[in-house]
Amino acid sequence: MKNNVVLNKLRDWKVGTTIVMLFVVVMWLLPTLGLLVTAFRDRTASVESGWWTAILDPFNTQWTFAAFDEVLFSDNWNLSQAFMNTLAVSVPATILPITFAAFAAYGFTFLTFKFKELWFGVIIALMIVPLQAVIVAVLQMFVAIDEWLLTIPGNEYGDFHLSGEYPAGWIVHSAFAMPLAVYILRNYMMTLPVALIEAARIDGASHFQIFWRLIVPMSVPALASFAIFQFLWVWNDYFIAFMFVGNHSVMTYQLLSMLGQRGEGWQIVMAGCLISVLVPLAVFFGLQRYFVRGLTAGSVK
């Protein structure tokens, strides 16, 4: 009898699935563990031996905060300015696509107009277009806009322009995030109760009032789930920041410069990475309760 109870508990526990998941989690966390260990080792040790040697012999390893001290307080690395530059790119580049995509998703869900499904299909098809395929055209467009801006009286010396500045990064990040945002938000809005929307229309509410007072509050899970995706993508992006926001060094570019020409600054880079990852972690854990709800809503009806 006792053996049967034990076997039933093991079946309920799903040992095989648990072991596989634990293995995946451990393998996924290994790079982060290596980053953490390297950040607390001195430069000589991090170059001469692998990080796992410190774990195997922790008591004979010399642990130090020198890398964090250099990253945070040394004049050689302006990490605080890079941190603020990254925030200046990431926050607007997260808010803008969510705002416009929410309006578009509302239109594709609750409004009726010609070729609605065709236009929605075109937007979804844009998700397969990689940025690298249109990078030259986008750069040429910004150059043309800057040349036009020079013709405006008072801007003869280019006091304001797009190339290399924050607005260029906002536009590119927002444009390439819009198709996915519209897709996620539209799928979620299709699960909302239509009777509630119809009741609001009967009471005389306009589309603008329905959107802000009903749709947006009920769509918080989907908005938050996409905000996590978009913020993490923009925060960790190097390519767009380097190509379009070159006048302002972001965290990814600054971390690369810390490595040095011969790769002698590994422990400094690891310390900078730990500091850089704090904000994405805070965003994820702050919004994680909406994450699964926002992504799975609309997938099954």
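Modeller: The model is a predicted one. Angles between helices run from 0 to 180 degrees between N-to-C directions, and the axes are lines fitted to C-alpha atoms over the stretch in contact. In these terms, α6 and helix α11 (residues 207-218) pack at an angle of about 110 degrees, with their axes 12 Å apart.

Biologist: Why are α6 and α11 called roughly perpendicular?

Modeller: Angles of 65 to 115 degrees count as roughly perpendicular. The angle here is about 110 degrees, and α6 and α11 are therefore roughly perpendicular to each other. On the α6 side the contact is made by Ala102, Phe103, Tyr106 and Phe110, and on the α11 side by His207, Ile210, Phe211, Trp212 and Ile215. By class, these residues are 8 nonpolar, 1 polar and no charged.

Biologist: What makes α11 oblique to α12?

Modeller: The two helices pack at an angle of about 60 degrees, with their axes 5 Å apart. Roughly parallel requires an angle under 35 degrees, and roughly perpendicular one of 65 to 115; the rest, apart from those over 145, count as oblique. An angle of about 60 degrees therefore makes α11 oblique to α12. Val216, Pro217 and Met218 of α11 meet Val220, Pro221 and Leu223 of α12, a contact with 6 nonpolar, no polar and no charged residues.

Biologist: How do you know that α9 and α12 are roughly antiparallel?

Modeller: Helix α9 (residues 166-189) and helix α12 (residues 220-235) pack at an angle of about 155 degrees, with their axes 10 Å apart. Angles over 145 degrees count as roughly antiparallel, and the pair is therefore described in that way. The crossing of α9 past α12 is right-handed. The contact includes His173, Phe176 and Tyr188 in α9, and Pro221, Phe226 and Trp233 in α12. Its residues divide into 13 nonpolar, 3 polar and no charged.

Biologist: How does the lining of the largest cavity divide by class?

Modeller: The lining has 6 nonpolar, 3 polar and 1 charged residues.

Technical notes. Residues are numbered from 1 along each chain as its sequence is written. This is a predicted model: local features need pLDDT of at least 70, side-chain atom pairs count only at pLDDT 80 or more; totals for chains, interfaces and linings use all residues. Side-chain values use heavy atoms; hydrogens and water are left out. Helices (H or I, at least four residues) and strands (E, at least two) are DSSP runs, numbered from the N terminus. A crossing is left-handed if the near helix is turned anticlockwise from the far one by less than a right angle, and right-handed if clockwise. Contact means heavy atoms within 4.5 Å. Ala, Val, Leu, Ile, Met, Phe, Trp, Tyr, Cys and Pro count as nonpolar, Asp, Glu, Lys and Arg as charged, and the others, Gly among them, as polar.
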